[in-house]
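Student: I have a model open and want to go through it step by step. Can we work by question and answer?

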Amino acid sequence: MKKGPEAFLKRLKRQPPRDLDAVVHGFHEAVFAKTDCLTCANCCKTTGPLWTERDKDRVAKRLGLKTADFEASYLRRDEEDDWVLKQLPCPFLESDNACSIYEDRPKACREYPHTDRVKQVQILELTAKNALVCPAVGEIVQRMEAIYAEKSATPAGRGTAAATPAPRRGRRR
Ligand code: SF4
Ligand code: SF4
């Protein structure tokens with residue numbers, strides 16, 4: 001049988017627990033409360049964001065560029081015709097791992113790694129991929145494996161409410 005986050009999250013998708021969002025949001029809060037993204041920046045080093053039209057306009061303006069010139073300097077279209085960075089690590093990542101365009105960074109950067117959004121069941125494949133990039137997501141998935149293995153071993157079974165729902169929050173960087 002396939003091991004790792006992908007196999008576990010595929011199984012979860014086939015039979016999603018009713019309390020999935022509450023459980024994941026609780027783990028997101030707990031794990032990010034002790035995670036210092038400034039000592040990591042692996043997402044900015046290895047996977048850039050997709051850029052929306054608004055992202056491009058906003059960042060181009062910040063840099064004093066026309067959007068077309070910003071695109072030409074920093075972006076390319078990928079195989080799915082999305083705008084992505086020409087090169088990684090992200091050119092806006094500074095040597096101390098801070099983001100030089102933090103206030104205007106792309107929406108995808110603000111929302112990464114998406115473990116605080118609703119309907120987690122819809123992004124389990126993405127979470128499996130992110131677990132290989134982001135150590136915080138890796139730990140969240142490990143905690144999910146532990147709690148759902150525990151639940152499936154109890155007479156109450158899957159889908160029982162257990163974790164405290166946590167407020168949603170954006171990414172820390
Ligand atoms: S979001 Fe994850 S990968 Fe990105 S800097 Fe924080 S811990 Fe690292
Ligand atoms: S724009 Fe900022 S937050 Fe986004 S990948 Fe680049 S350095 Fe990281």
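This is a predicted model: local features need pLDDT of at least 70, side-chain atom pairs count only at pLDDT 80 or more; totals for chains, interfaces and linings use all residues.

Student: Are helix 1 and helix 7 roughly parallel or antiparallel?

Tutor: Helix 1 covers residues 5-14, and helix 7 covers residues 124-131. Their axes come within 9 Å and cross at roughly 165 degrees. Angles over 145 degrees count as roughly antiparallel. Therefore helix 1 and helix 7 are roughly antiparallel.

Student: Which residues of helix 7 meet helix 1?

Tutor: Helix 1 brings P5, E6, L9, L12 and K13 to the contact. The contact residues divide into 6 nonpolar, 1 polar and 2 charged. On the helix 7 side, the residues are L124, T127, A128 and A131.

Student: Is the crossing of helix 1 and helix 7 left-handed or right-handed?

Tutor: Handedness is a separate matter from the angle of roughly 165 degrees. The crossing of helix 1 and helix 7 is right-handed.

Student: Is R77 buried or exposed?

Tutor: R77 lies in strand 1, residues 75-77. R77 has 10, so R77 is exposed.

Student: Which residues does R77 touch, leaving out those up to four places away in sequence?

Tutor: W51 is 26 residues from R77 along the chain, and their C-alpha atoms are separated by 9.9 Å. The contacts of R77 are D82 and W83.

Student: How many residues in the shell around ligand 2 are nonpolar?

Tutor: Ligand 2 is surrounded by 12 residues. The closest are C44, C90, L93, C99 and C109. By class, the shell has 1 polar and 2 charged residues, and the nonpolar count is 9.

Definitions and conventions. Residues are numbered from 1 along each chain as its sequence is written. Chains are lettered from A and ligands numbered from 1 in the order in which they are written. Helices (H or I, at least four residues) and strands (E, at least two) are DSSP runs, numbered from the N terminus. A residue is buried if 20 or more other C-beta atoms lie within 10 Å of its own, exposed if 12 or fewer, and partly exposed in between; C-beta atoms are placed from the backbone. Two residues are in contact if their C-beta atoms, placed from the backbone, lie within 7 Å. Axes are lines fitted to C-alpha atoms, for helices over the stretch in contact, and angles run from 0 to 180 degrees between N-to-C directions. Angles under 35 degrees count as roughly parallel, over 145 as roughly antiparallel, 65 to 115 as roughly perpendicular and the rest as oblique. A crossing is left-handed if the near helix is turned anticlockwise from the far one by less than a right angle, and right-handed if clockwise. Ala, Val, Leu, Ile, Met, Phe, Trp, Tyr, Cys and Pro count as nonpolar, Asp, Glu, Lys and Arg as charged, and the others, Gly among them, as polar. A residue is near a molecule or strand if its C-beta atom, placed from the backbone, lies within 6 Å of it.
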